[in-house]
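Subject: Handover of a structure and notes on it

Dear colleague,

Please find the structure for your study below.

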Amino acid sequence: MDLNNLLMEFSLFLKLKKQEGCKVASFLAHDNIPEELLDAAGVFPLRLMFGGNDELMNMSHDYLPPSTCAFTQSMIGLFSLKPSQYQFLDLIDYFIVSNHCVSDICGSEIITKYFNIPRLNFYLPYTKNQNSLKYFKLELIDFKEQIEKIIDKEIADEDLLKSIKKYNNFKLKLLELNSLNLIGSKKLQIIQTAMLYGPNSIEMISEFIEKNKQNQQKSKHIKNVILTGCSIFLNDNIIELIEDAGGNVVFFDTWIGNQYYSQTFDNETLNSISNPYDLLVERFKRNRLSDHSIPNFLEYKVTRIEEINRIYKEREDQDLGVINHIIKFCDHFSMHSTYFKEKLQKKGIQVLNLERDYSRANRGQLSTRIEAFLEMIN
Amino acid sequence: MSLYADEIIRFSSVLKMSYNLIAGRDELKRMKLREKKHLISVALPFSDLIFGFPNLVPVFPIRMHIFKISKYLSYLGSASSFFGWDNVSKFLGFIKNAGIEEISKIIDEIIDDVIETLNQKYNEMYDIGVERGISTDFCFGLKTLVGMHVTKMKNVSATMNYTIRCSAWNKYSESLKSIDSNVKDIWVDIPPRNIGNSMELLEDNIKSAIHELEKLSGHSYSDSALREHFKLTNQIRRDYKNIIYEIGASDFYPCNPATFSEILALLSISFQDYNSNAKRYAENIHQMINEMRERIRKGLGMDVSKYKKILVTPMFGGWEPKTHEIIYRLGGRALYADWDVLRLLDDIPITNKTDPIEAYADFIMNATENGIGCDNNVLTDSYMRVAKKLSADGLVFNQLFGCHSISNCYRLLKEKIRRNLEIPSMYYTFNRIGENVEQVSTRLGAFMEMVNG
């Protein structure tokens, strides 16, 4: 399905939801938003996961300096310009301001203020220790109370547990999809669509898996890579550039990808923790690879990439290349990029730090860099 | 002739503070090697906890560098150890008054060298930071801090890190481990909001950091030592605010406005580590306000009533140091008050709290909630508060290239200023010292025309 059709269908889907009395809460944050709490309250969580272009970025400059993360610029541009296929943005009832990064804070504040969308707050602690887990729980309770005010009723624990299980099954299904040997772009398209629709798309994923189980293919001529760093958003052509250059992403180690759907509970955990808020805290605790967290993010990330590479090497007898995708002015991935590359290259894993914004003009340069990297890795 | 030298030498406190800032290396070396003290790297005004331990020394890392200062400043430093800084200052003033041209020129060079050498060092650190791999997309402040750590981190035993809303800052703090993994990183995680029992959590996080400092120091934490330090720094904060508001907002200055701005800039930098000696810093800043008052009382200085008050902010992450000179030449006076905007000049409330940790948590949470914190609306209100308190005639916003945090609030701030204060405001962009002086000058020229009506 092409992007326009996808967005058109999504628009219809959202309108139907609204007609059913569902509220829509949107957010920029890439991680840790407890979408289950929204779902349990009958609020649809709409994550903003759309790529940008020159026009959208330029539109944001009325509000922010151009040295702001290109994704945030583009999202502000979307609200400002509202291209026809994005009219569903008018259906948003609430916007969640969070502190995944400072661009999330500033961008979300701008969207709520200048586009008149009522604001919900959900902030995160920065470190991972007992106190930050306690703080995370405070935020969950505060968030719950904010939502309860909107819907004018309490969110029952059973409903939240039900939603947690629903999202858990959804993520497990995406993990199943992830294990298929398919060309990266095909996989990514389903992952993106699924994450846009949420668990409503579980049947679509199942059908896709069934249909493609038999079509799995390996090609010795393709150079396989891990994509890490910033996500590839809808309407972004970077995956095509990688594939056109003879590469294939076998592992999306990004928020739109494994970072999202690997955050699951096993049955034992689901059955042993009866308080649903404690389950969400537990997930936050285990989410060591969240790029929001400090002070050990880089260390965990490097270890994780090594692990993925080791498993792949055992199976395929060759190393994976690593493309570290950095959206311009992204604090989280840009700050560590040099050290990330050095640490992995010391271990024999080749890394391309691919920094870019959404301008059309840099397409040629990106292709050249990707081609050169892929030539080098084998 | 130097714009600053004639004035600065009249303030022995300023000479002392400048000397401690750029000639502190030997002292730090002595503390580390002879006195076996541990140096701890700090940036932003978050050094207070370290002062709770007798053998721990906070240091803003640029101070570990050798500066290409004039040999004469070293002589002055040596002279001060015999005669005291007050006498050195008086002697220099006498020479200037006597009009002995050759010597007067040397004094000009010394003072100009202090400023110039500091700026050169900042740019040098910027280049080293970029060479080491920090992306040019980050702000001047972070690039220079990376440069400072690449060159001098080997001398410190730990880095003191506080989490704030700026994700680049938090990630930079984490990245220091990649520069030298042997250096301990000590963290204070500040909850982003004051909800539920988050104050208790913050207190506990402070205690954990203190525990790490205890391990490093070998000394046990003492309530009374920290309490005494907080009392001292509250005095520093009050003196600092008096310099900004009592002197800065008045119509008669103890020196010309450019020199006054230069002193405010010096305070902004040195406040981060109190030049590694809070007691000395407290004495210096107290003497500074007294010297200023004394000169004003004697009618020494300058009537600045016709010079428009321009709040220039934010500058702590890097700014063009020529700004205040340009504003002065255009008939204005630049005022720097970043730490108060960010609520880091508020008192640590030890008078109404028995536990100093609780008081410090209160102070930090107040800064988070009302200043440096997570909300642009609150932050812009704080800018407004300071502009109002100074009765500023205009506001110049330093839009720091690569700053994704504070620079993003300009549109909101501009609207509030126009609506509530009815004073003009403008912004200019800054990336590196000296890179854009012409543009800054042109923009300030147009702006000052508007301010001057």
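In chain B, among contacts between residues at least 6 apart in sequence, 77% join residues at least 24 apart. Two residues are in contact here if their C-beta atoms, placed from the backbone, lie within 7 Å. The model is a predicted one, in which local features need pLDDT of at least 70 and side-chain atom pairs count only at pLDDT 80 or more, while totals for chains, interfaces and linings use all residues. Residues are numbered from 1 along each chain as its sequence is written, and chains are lettered from A and ligands numbered from 1 in the order in which they are written.

Chain B as a whole

Chain B has 18 helices and 10 strands; these are DSSP runs numbered from the N terminus, with helices being H or I of at least four residues and strands E of at least two. The radius of gyration of chain B, taken over C-alpha atoms, is 21 Å, close to the 22 Å that the globule rule gives for 453 residues, so chain B is as compact as a globular protein of that length. That rule is 2.2 Å times the number of residues to the power 0.38. The C-alpha trace of chain B spans about 55 × 55 × 50 Å along its principal axes. Of the 453 residues, 55% count as buried, a term that requires 20 or more other C-beta atoms within 10 Å of the residue's own.

Leaving aside neighbours within four places in sequence, His149(B) is in contact with Ser41(B), Pro61(B), Leu176(B) and Ile179(B). With neighbours set aside in that way, Ile40(B) has contacts that include Ile50(B), Leu56(B), Val156(B) and Met160(B).

Ile40(B) is also among the residues with the most contacts inside the largest nonpolar core, which has 251 residues. Such a core is a set of buried Ala, Val, Leu, Ile, Met, Phe, Trp, Tyr and Cys residues joined through C-beta atoms within 7 Å. At least three residues of this core come from each of domain 1 (3-155) and domain 2 (164-377) of chain A.

The domains of chain A

The bounds of these domains come from an automatic or database domain assignment. The C-alpha centres of domain 1 and domain 2 of chain A lie 22 Å apart, and their contact takes 38 residues from domain 1 and 39 residues from domain 2. On the side of domain 1 that touches domain 2, the largest share, 5 residues, comes from α6(A).

Helix α1 (residues 3-19) of chain A has 17 residues and reaches 24 Å from its first C-alpha to its last, close to the 24 Å expected at 1.5 Å a residue; the expected span is 1.5 Å times one less than the number of residues. After α1(A) comes Gly21(A), whose phi is positive, near 95 degrees.

Where the chains meet

The contact between the chains takes 37 residues from chain B and 37 residues from chain A. On the side of chain B, α8 (167-179), β4 (184-188) and α9 (198-217) each supply at least two residues, and the largest share, 9 residues, comes from α8(B).

Yours sincerely

Terms used. A residue is buried if 20 or more other C-beta atoms lie within 10 Å of its own, exposed if 12 or fewer, and partly exposed in between; C-beta atoms are placed from the backbone.
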